[in-house]
Amino acid sequence: MTSPAAERRTVAGPVSVRPLGEADLDRADEIFRVAFGTFLGVPEPETFFGSAEYVRTRWAADPQAAFAATVDGELAGSNFAANWGSVGYFGPLTVRPDLWDQGIGKRLMEPVMDCFDTWGNRHLGLFTFSHSPKHLELYRRYGFWPRFLTAVMKKQVAGSATVPGRVLYGEVPAAERPDWLDAGRELTGAVYEGLDLEREIVATHVQGLGDTILLQGGGSTLDGLAVCHCGAGSEAGEDVCFVKFGAVRPGPEAADRFERLLDACERLASERGLGQLDAGMNLGRPDAYRRMADRGFRTWLQGVTMHRPNDPGYSHPGAYVIDDWR
Ligand SMILES: CC(C)(COP(=O)(O)OP(=O)(O)OC[C@H]1O[C@@H](n2cnc3c(N)ncnc32)[C@H](O)[C@@H]1OP(=O)(O)O)[C@@H](O)C(=O)NCCC(=O)NCCS
């Protein structure tokens with residue numbers, strides 16, 4: 001990694017870490033874009049990520065799990081933790097480029113690790129740049145170890161047929177939503193004990209970021225679910241439907257259910273007039289990856305997941321899950 005050494009400033013005052021406040025959001029968003037854009041060497045780093053939003057959406061999802069670092073009272077970076085029940089992950093972690101390599105990133109790891117302690121998540125993870133020794137070493141210090149690559153994939157949306165048994169969380173009557181959330185928790189718990197996407201489903205709904213596909217199975221159970229962000233102002237960005245998390249019930253029919261879930265995601269994208277479908281696939285789930293490639297998904301970004309502890313979590317061949325922890 002190269003950082004803009006010529007513009008590097010030595011930290012003059014003490015670094016403080018505190019909750020990220022609403023008044024910090026504009027500046028935190030600027031730093032987030034310029035940090036990634038600078039790391040990746042794009043010509044106009046301040047415009048990186050375009051119309052996609054991460055800082056404001058993640059802050060709104062859980063302001064208690066959003067943190068700021070300041071130097072001399074000025075915002076220097078931010079980090080966000082996410083609670084998926086037995087699973088916790090964090091990001092985006094960003095530091096102002098002129099302050100890189102002075103320990104601020106490490107300081108911003110402390111409060112997210114405290115969140116995971118408080119929440120009691122059993123499996124922790126993150127997604128990062130596999131080619132960066134700095135990133136791998138920074139996270140190793142906190143107990144994370146690199147595992148399989150994750151392919152962030154995309155495909156052009158084709159016209160698609162309706163998918164029988166599809167329900168959208170945003171369309172169910174408010175009084176029925178708790179039952180659907182229970183059914184979603186039961187499904188994700190069958191994929192990985194204690195895995196619970198309720199916070200993502202609710203945040204997506206409340207903030208109007210997109211919708212959650214619920215695929216009905218037999219009785220009151222679900223065959224699959226997919227939390228989808230749609231368009232500008234969400235994590236997807238303009239003209240994109242981003243499957244932030246998807247999973248189907250494990251077992252002998254899992255691959256067929258997965259195909260049905262992908263059909264339903266493409267259908268939602270098409271209904272919303274979005275031209276591109278984005279979905280991340282960990283390569284520890286080879287059959288799921290192959291099925292996406294066979295459908296025409298192509299990888300546009302590849303990174304590595306790091307896990308604590310160093311075990312597969314739900315990234316194993318029998319898990320038909322979509323996510324990228326970006
Ligand atoms: C990644 C990022 C948040 C790190 O912030 P930072 O303030 O520069 O990081 P820190 O200085 O706290 O820690 C970096 C550590 O990596 C170590 N490191 C740097 N290069 C290294 C290398 N080649 N090999 C091993 N360790 C290395 C540093 O020595 C330092 O640890 P130390 O101070 O204990 O020696 C920042 O660079 C950033 O914003 N990058 C762009 C956005 C991004 O990539 N975010 C993370 C996505 S997962």
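Let's start at the ligand. One of its oxygen atoms is 3.3 Å from an N or O atom in the side chain of Trp100. Keep in mind that this is a predicted model.

A backbone N or O atom of Val95 lies 2.9 Å from an oxygen atom of the ligand. For Gly103, a polar backbone atom is 2.9 Å from a ligand oxygen. How much of the ligand's accessible area does the protein cover? On its own, the ligand has 960 Å² of accessible area, and the protein covers 77% of that.

Where does the ligand sit? In the largest pocket.

Next, the aromatic rings. A pair of aromatic rings is described by two things: the distance of the centres and the angle of the planes. How many aromatic pairs does the structure hold? It holds 18. Take Trp84 and Phe245 as one example. Their centres are 5.4 Å apart, with 80° between the planes. An angle over 60 degrees counts as edge-to-face, so Trp84 and Phe245 form an edge-to-face pair. Look at where the two rings come from. Trp84 is in strand β3, residues 74–84, and Phe245 is in strand β11, residues 240–248. They are 161 residues apart, so this pair links distant parts of the chain.

Last topic: the backbone. Here is the background. Most residues other than glycine have a negative phi, and most peptide bonds are trans. Now for some exceptions.

The peptide bond from Gly91 to Pro92 is cis, with omega near -10°. Find Pro92 in the loop between β4 (87–90) and β5. The bond from Arg308 to Pro309 is cis too, and its omega is near 0°. Pro309 belongs to the loop between β13 (298–308) and β14 (321–323).

Then there is Phe49. What is its phi? Positive, at about 80°, although Phe49 is not a glycine. Look for Phe49 in the loop between α1 and α2 (55–61).

Key:
Residues are numbered from 1 along each chain as its sequence is written. This is a predicted model: local features need pLDDT of at least 70, side-chain atom pairs count only at pLDDT 80 or more; totals for chains, interfaces and linings use all residues. Side-chain values use heavy atoms; hydrogens and water are left out. A polar contact is a pair of N or O atoms within 3.5 Å; within protein, one must be able to donate a hydrogen and the other to accept it, and residues adjacent in sequence count only if both atoms are side-chain atoms. Accessible areas come from the Shrake-Rupley method with a 1.4 Å probe; for residues, only the protein chains shown count as cover. On a 1 Å grid over the protein atoms alone, a cavity is a set of points where a 1.4 Å probe fits but cannot get out, and a pocket is an open set with protein on both sides within 12 Å along at least five of seven lines; lining residues have an atom within 4 Å of a point. A molecule sits in a cavity or pocket if more than half of its atoms lie within 2 Å of its grid points. Rings of Phe, Tyr and Trp (its six-membered ring) pair if their centres lie within 6.5 Å; planes under 30 degrees apart count as stacked, over 60 as edge-to-face and the rest as tilted. Helices (H or I, at least four residues) and strands (E, at least two) are DSSP runs, numbered from the N terminus.
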